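The sequence and the structure come first.

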Amino acid sequence: MAAQRTLFLALGGNRARVVVEESARVVADGGHATVVVDELTAWRGQRFAPGVRVVELARLQREHLPVAAEQLIVHRVPRAALRAVGRGRLSGWSQRAGRAYDRRIAGRVHRRIFLPVYHRFWGDARYRLLRRRIARDGLDLLVVADPVSIPVAARLLADRICPDISYGLDTASPSGAPSSA
């Protein structure tokens with residue numbers, strides 16, 4: 001019995017075929033299926049059924065305001081300025097200057113300044129962003145699809161975000177009471 005709103009936490013991607021099949025089964029039964037993956041590149045060969053929402057956790061973090069602001073200030077604006085200056089004869093120089101800027105300045109600012117400050121103030125923002133998404137959409141069943149997802153699922157369970165948790169649709173409890181999985 002598939003729950004009405006099911007979230008598949010598949011951060012590792014090593015059980016992709018099972019996740020694709022079970023999410024399709026939820027949608028076929030009239031429910032809503034959301035699959036949370038770390039990065040879509042690991043899921044490149046998989047085709048999800050129509051109606052299955054796929055959420056990329058890395059994209060949620062990129063949309064977080066501090067990360068978006070850092071990308072704009074440190075990366076996009078300087079690249080745009082170099083593209084504007086580097087037309088015609090200066091195009092070769094502009095491309096070399098852009099690569100040097102990325103390597104010597106932008107990369108170092110990101111690693112040495114932005115990341116320590118970001119982690120100090122926001123910590124594991126990916127978990128909080130996922131938690132906010134779940135609270136907004138609602139959830140009936142959390143399916144932990146792989147071992148990499150277990151720590152995140154444990155935090156969601158400890159925070160009482162998910163009413164029922166399972167390792168697959170076949171092991172989910174139909175009563176709505178938390179399963180012992």
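**Overall form**

The protein has a radius of gyration of 21 Å, whereas a compact globule of 181 residues would have one near 16 Å (taken over C-alpha atoms; the globule rule is 2.2 Å times the number of residues to the power 0.38). Its C-alpha atoms fill a box of roughly 70 × 35 × 25 Å along the principal axes. The model is predicted: local features need pLDDT of at least 70, side-chain atom pairs count only at pLDDT 80 or more, and totals for chains, interfaces and linings use all residues. Residues are numbered from 1 along each chain as its sequence is written, and side-chain values use heavy atoms, without hydrogens and water.

**Fold and contacts**

- Six helices and five strands make up the secondary structure (DSSP runs, H or I of at least four residues and E of at least two, numbered from the N terminus).
- The order from the N terminus is β-α-β-β-α-α-α-α-β-α-β.
- Of the contacts (heavy atoms within 4.5 Å) between residues at least 6 apart in sequence, 61% join residues at least 24 apart.
- Buried residues (under 20% relative accessible area, 1.4 Å probe, protein chains only) account for 38% of the 181 residues.

**Helix H1**

- H1 covers residues 16-28.
- Its buried residues are Ala-16, Val-19, Val-20, Glu-22, Ser-23 and Val-26.
- These buried residues pack against strands S1 (5-9), S2 (32-37) and S4 (141-144).
- Gly-30, which follows H1, has a positive phi near 95°.

Conventions:
Buried means under 20% relative accessible area, exposed over 50%, partly exposed in between (1.4 Å probe, protein chains only). The expected span of a helix is 1.5 Å times one less than its number of residues.
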